[in-house]
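Please examine the sequence and the three-dimensional structure shown below.

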Amino acid sequence: MKTFDIIRQRAGELRKHYTDVKPVLADRPLDLVLFGLTEQGFHVSPLPTGHPLLEGADATLDWETEDVFFDSRYSGPDLAELLAHELGHVDLHKPVVDVETLEPVFVTLCPLPAPIPGGLSRVQGYGVKERRELQANVFAREFLFPRQVARQFFLGHQLRSSQIAHQLKLPTGLVRMQLADALLLPAPVVEVEPSVTKAVRLDRSQQAAVEAQGKPILVEAGPGTGKTRTLVKRVEKLIRDNVAPESILILTYSNKAAAELLERLSGALPNVASKVWAGTFHAFGLEVARRFHQELAAPPDIGVLDQIDSINLLEHELKNLSLKHFRNLWNPTLHLPEILSVISRAKDEMINAAQFEKLAQAALKSAPDDKARELAEQTCEVAQIYQHYEQLLKSRGEVDFGDLIMRINELLIENIPIRTMLQMQYRHILVDEYQDVNRASVRMVQLLAGDGSRLWVVGDGRQSIYRFRGASSINMARFEQDYAGGERLTLQCNYRSTPAIVGLYTGFSTQMAASTGLADLALHTERLDVTNGAQLRCFESPREEALGLAASIEELKAQGVAYKDQAVLGLTHTELAAVAEVLAQAGIPVLYLGAFFERSEVRDLLCVLDLLSGRLSALLRVAHFPNYGLDGPDVYRVLDHAKSENLYGMEAVEAAVSLVSVEGQPGLKRMRDDLLALDRHSHPWQILSELLFERRVLIDSLLCESSVDATLRRIAVWRLLRFVLESPLPGQGSRTRRLLGRVRQLSRLKNDRDLRQIPEEAGKIDAVTLMTVHASKGLEFEAVHLPRMEKGKIPRGMKYDRLLVPTGMIAGADGPSWRKEMHDTEQECLYFVAVSRARTWLRFYVASKEMEKNSVFLSGAMLWLHVMTAPPQATLDSGIRAAEGWYPSTDSRQFNGTHINRFKDCPRRYFYTHVLPLGGIQPDEVYVKAHACVQSVLRGAFASGTEPTMEVLLDELQQVWKKSGPVGAAYEADYQKISEEALATFLALSQGTDWTLAQPLLIDISTEKMQVIPDQLGLRNNQYVLRRIRTGKPAAKEADELIYTLYHLAGQTTFGAGNYLVEAVHLGAHSALAVEVTKRKQENRRVTTVESVRAILANHFPVASNTDGCARCAHFFLCPSLLCTPEKN
Amino acid sequence: MTTAQDTTMDLQSVLYEFRLENETVTPAALDTICRAYPHFAKDLTDFAIQWVLRDLALAGAPVETPIADAAVDAIVGLAMSDLQNRLYKREKEARSPVVLSSADEAEIRSRFKNIEMSPPIDRSIAASLQRKLVELETIPRRFLERLASAIKSDMPTLVAYLSSSSIVGGMRNYRADSAPQAAARMSYQDLVERSTLSQEKKDDLLALND
């Protein structure tokens, strides 16, 4: 069982023990916990608020005097929770405390259950102390309200959370938190016998690594050689040798590796594990930053920003910088993710803002041509932003992740006393996953380890798969150069895989670039081969391949390899999503959450928040909830009425109750009652937990199935609740809107990796695991399936994006081919990681029977592979059925050229925006509102058909601004100024042409007429001018926009070829450019338009997924929902 | 050179040995002595840090920089002097010649558990005293005498304990938005008045001031 299951079990047993002794305590939680503390020998006493013993907390536990003190203002349920947390510490952590390091435990009751400080959560969640607090929280909840009891009350007695809280005298927040765990997570698998760590002896190479001393030690640990076990044994050995545990520092790179390490250390060394400092480089950096905050000129509670925080911080600052390349009026944040990743890479390389500026200027001076000069200019702008960003961070007393290494290194370099103190304090440094360290973290180790005589590092250079953040196996290769007298040891026995699999990847290792400078991989294994354990299965097409994969999984299942022991690994989520779809159709259970915020149950809940915050379009999804069951026409009536009466959100729902059908009224009333009962100003976690556990909305449908798919849906909802609880929501205004904005940002940045991970609790579900190779590192499976092993798929081709990194910033990155070499090396490492996850069965799949189309990585593997050219394939019951749509009458539909342009981008968006009366603007962001105001004024000007004066435009802007502009927003004045400038530009660019009122111009499309209305229509030099006016800047391929072809077709039809001119005006770029479209392109786009019109007539509105576009779409949360009931006559 | 664990030597002797055996303090030397005297590891580490900081202040050079023999003599002399100064400071702070090692402190702390004395005190008073949260100069002598007796100690040791640095302010376990605030020391009168004792018992304790 995992740690948290064991903790829950202990809490449950203790509760049972106490209630067996005193049955009356079962319904009296405060008395129960007081009894428990007394039984444990602790005295519980109240103290007046502000008593020095409390040190600002609400309760404190003193190990030595065995006292628990609490603030006397607490009583009843809240006090029970406070004291149960302390009882958790008493029961779980007392044995690991000795008299020399007694530290009181403080606890503060918070309005929300167990909050984790916003941006810090990713850094500090894996420290020993933080983990102990989490453990005490879990204990407290289970002790007061066991999950079994929670299920009984909620499902058996059908009680709501508030009724349970009232009946059991518990805090409502605690009840809801525990209900989430009890109802949404899979029940833990109870093991018949307690798990006992196998007392397997170390092999000779492991023993040598454990015993080595007196010099810097690098242990090269190939796959399955017991790396972490050896590290833990090393720590045990140090402790046996009387090394003070407080002097041991263990660093690793990822939270995942840190969590595993802490788990194993706590198991192996329960009495000293908490005294050893073990965690990530970043967590250690944060601890040093807090300890020496004065030297860093930072506050004691120094804040840590993640990427989204940094984007939000810079968003409003860009306009204060004189930028040319990265000034974007339409979307100021467009380039920020790219710029921030460059800054982050600079920090990985220990390049501060001043050094970056110097390198950027040097690159500009030496730029050989215009293209290089433009790139260098962009890099100089990054330098400018970097400088400004650093000033901002310092002035606010905050750091980002990169600073947690770089600024600490700078401190250690400049401040010798601090460096010396830390060297004295941490005399034994161990580094896990050394292949993942980058230049900055290597430097940190050097600064802490001094001559390295007590440094011990372990890693596998061939598994270096984080090159994008500067990790490199070179750090392993140059270990002896970094530490004179360093010794390199290797672990030589593989305990994981069969000889065939080991032979396959050992052979591959000889051709890997990452092997340079490393010891040869020479592993022996004690396992025996199975017949055809490593196979290559060849198919004719990707579809056949996917079906073959499904058949292969079933085949292994029939041979006794359970689904849960099989994994499909892919390089991208796109690949995995395709596999997941086919496996699901074949009836194979899969553990795969996919794109988290695109999951239906997640969007259901987000739509509730969206609706509560005023966006009525969310009704399209909420109306479908089983509790409400409204049909299409009724929803349309609500929307239509809201539009005509200018009503929003719940206001519109409430006003429409009497307008819907008799059948629909009960559902709409239930929805109104449920949603109006929620306090839309409260924290989103409170809203959602109340919706699920108090109003019982959606929860019953979530709980009614026991399939793997249903389990995943519950896990996704559980994950969403945790995400909502832990999300930092800084800033002004509605927390719900801020949360939804954060979701959009995370989706845009594809930063939902953590949320895609299946939680530990789901590990026992019998389903095939689908995961990326990156996520699989450190794991092993009885069978590993690797689809799409074809050329172009692996190794993947390299994207030659622009590189805003100046020459000299990345060590060794000066030649023309370094990026390609780095990319190729990483692809090799990914393949190496993937194949080495397999224990017994390794199966490759290709969609071609021509060997030359296979991945080059397979060429050396053929010796070990059994090739099947006609492998079995699964058969599917049926294809995916397209959902039937419900739409307003097609007779009333008018085809509009501008709208068709949007259909091409995303048909579903077209449906929401133009077929349903939902509108298409996503007005949350300030700059969007500003642009909308300008567009509104321009529409007025176009409609007048005359050339307005600046005074008229400004007057109009003022009125529109008051009504729908970003009034009261931060930097409102700046946006107003930008808007005025845009209007001035419009006037300037309008001169020299006689403008007239633009009439609809008709063109024939298929059997339909389509009207095209240019933004501006005028006459210049006897030529008609059809203008499209945008407020932002032109796109890279602006002329390829369909709308310009439609303008041309309209121009030809109305004015005749040669008598008109099409212009694209971009106010943000001060540009008015003629747009030419070749005849061939015009014809192609005409065909596209015909197809679009036919699709509309056929009610076909598929979703066109586009990460950035979707996250910005007004209908992001409700998509792809479509009303499925045919219209009633 | 120290090679084996020795539990017979007291802290001062170990510190002295450490200083004599090492010309300059290094993490390696510190590690060796800490392994030999693991029960003094914390005191030794604190001492070594003070020593090396003094070295640095004197030499203005990084700790790894080799130091000439003559300079070493001076530095070692100063380090020893630093040790003596620290001992003197502790004595002066304590108004007592008693110097408490970490182990001594731990022993005294443990005696506050289940403490019984007359007039009686409650758990908050005992814990506040144990955590040194009371201003020593405000505590009546008569109370101190009774307290010393109750913890089976003597006045100089108790005074040394209560006047040494508060244990507040280290890294703590906490579940809150921010770390616990460092507590200010309170007066004896505050201590008594904020306790859970009855007014009569509070009066008895406050009467010790007379």
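In this predicted model, strand 11 of chain A is covered on both of its faces.

The partners of strand 11 in chain A can be described next. Strand 5 of chain A, residues 217-221, runs parallel to strand 11 and is joined to it by four bridges. Strand 10 of chain A, residues 428-431, also runs parallel to strand 11, with three bridges between them. Between strands 10 and 11 the chain includes helix 19, residues 439-449, and strand 10, helix 19 and strand 11 of chain A together make a right-handed β-α-β unit.

Attention now turns to the nonpolar cores. The largest of them has 154 residues, and the residues with the most contacts inside it are A:F143, A:F145, A:F597, A:L675, A:F693 and A:L720. Helix 32 of chain A, residues 708-726, supplies the largest share of this core, with 11 residues. Another core, of 98 residues, lies apart from it and includes A:F281 and A:L323 as well as B:A29 and B:L30. Returning to A:F143, its contacts beyond the neighbours within four places in sequence are A:A11, A:L14, A:R15, A:Y18, A:L32, A:V33 and A:L87.

Some details of the backbone remain. Most peptide bonds are trans, and most residues other than glycine have a negative phi. A cis peptide bond, with omega about -5°, joins A:I794 and A:P795. The loop that holds A:P795 runs between strand 19 (781-786) and helix 36 (818-835) of chain A. In chain B, the bond from B:S118 to B:P119 is cis, with omega near -5°, and B:P119 is placed in the loop between helix 5 (102-111) and helix 6 (123-130).

The loop between helix 5 and helix 6 of chain B also contains B:N114, which is not a glycine but has a positive phi of about 55°. B:N114 counts as partly exposed, at 48% relative accessibility. In chain A, A:L698 has a positive phi near 70° and lies in the loop between helix 30 (684-693) and helix 31 (699-703). A:L698 has a relative accessible area of 7% and is therefore buried.

Definitions and conventions: Residues numbered from 1 in each chain as written. Chains lettered and ligands numbered in written order. Predicted model: local features only at pLDDT ≥ 70, side-chain atom pairs only at ≥ 80, totals over all residues. Heavy atoms only, no water. Core = buried A, V, L, I, M, F, W, Y, C linked by side-chain atoms within 4.5 Å. Buried < 20%, exposed > 50% of the residue type's maximum accessible area, 1.4 Å probe, protein only. Helix = DSSP H or I, 4+ residues; strand = E, 2+ residues; numbered from the N terminus. Contact = heavy atoms within 4.5 Å. Pairing = 2+ DSSP bridges. Right-handed = clockwise from strand over helix to strand, strands pointing away.
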